[in-house]
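Hello,

Here is the structure you asked to look at. Please open it beside this message and follow the notes below.

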Amino acid sequence: MSDPAYITPSGARRLSEELARLRSVERPRIVQEVADAAAQGDRSENAEYIYGKKKLREIDRRMHYLTKRLEKAVVVDPSEQRGDKVFFGATVEIEDEDGARRTYQIVGEDEIDSAAGRISWRSPVGRSLLGKRAGDVITVRRPAGEAEMELISVRYG
């Protein structure tokens, strides 16, 4: 049995919207382009036809992936979480050894966006934070070596 695919409501919504867009906009457009290219004759040397078929396979593969991820997704709403411990969906502020502060939200693997501060609960930092409280010092194992960080705050919602 595989691990649960935790996801926030906004992450599930983004995946659903992408699937809907692929199904109702992108795929029909590419199907039409392939049909138009096929109507031009010899398909073996028709670059538009060959590229269109390849693009169609990529869209179908992505749609299949999104469908499977959404089927096994476990939606966890951070606004329904309470307490002072870090769990899935928490927004945390940490301070590293150099005094630099960062804010992260602990999210599912399909929602990772380091530029927006969304890190996976399975990442080294995410795993180190789970179950901790404000004031705790965590040690994160990184390729560059271990780093100590202090958990400044935990909030949900």
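**What was found**

Alanine 73 sits in strand β2, which covers residues 73–75. Please keep in mind that the model is predicted. Leaving aside neighbours within four places in sequence, alanine 73 is in contact with Ala5 and Ile7. Proline 4 is 69 residues away from alanine 73 in sequence, yet the two C-alpha atoms are 7.0 Å apart in space.

**The two helices**

Helix α1 runs over residues 9–38 and helix α2 over residues 47–72. The two pack at an angle of about 160°, and their axes are 9 Å apart. Angles over 145 degrees count as roughly antiparallel, so α1 is roughly antiparallel to α2. The crossing of α1 past α2 is left-handed.

**The sheet**

Which strands form the open sheet, and in what order? There are five, in the order β5-β4-β3-β7-β6, and their pairing is mixed. At the edges are β5 (118–120) and β6 (137–142), each of which pairs on one side only. Neighbouring strands of this sheet are turned by 45° against each other on average, direction ignored.

Strand β3 (residues 91–96) and strand β7 (residues 145–155) pair in the antiparallel sense, over six bridges. In this part of the model, threonine 91 stands opposite arginine 155 of β7.

**The cores**

The largest nonpolar core has 19 residues. Those that touch the most other members are Val86, Val92, Ile94, Leu129, Leu151 and Val154. Two or more residues each come from β3, β4 (101–107), α3 (124–129), β6 and β7. Of these elements, β7 gives the largest share, four residues. Another core lies apart from this one; it has 14 residues, among them Ala12, Leu19, Ile30 and Leu66.

What is valine 92 in contact with, leaving aside its neighbours within four places in sequence? The list is Val86, Arg102, Thr103, Tyr104, Leu129, Leu151, Ser153 and Val154.

Regards

Key:
Residues numbered from 1 in each chain as written. Predicted model: local features only at pLDDT ≥ 70, side-chain atom pairs only at ≥ 80, totals over all residues. Heavy atoms only, no water. Pairing = 2+ DSSP bridges. Axes fitted to C-alpha atoms, helices over the stretch in contact; angles between N-to-C directions. Core = buried A, V, L, I, M, F, W, Y, C linked by side-chain atoms within 4.5 Å. Buried < 20%, exposed > 50% of the residue type's maximum accessible area, 1.4 Å probe, protein only. Contact = heavy atoms within 4.5 Å. Parallel < 35°, antiparallel > 145°, perpendicular 65-115°, else oblique. Left-handed = near helix turned anticlockwise from the far one by under 90°.
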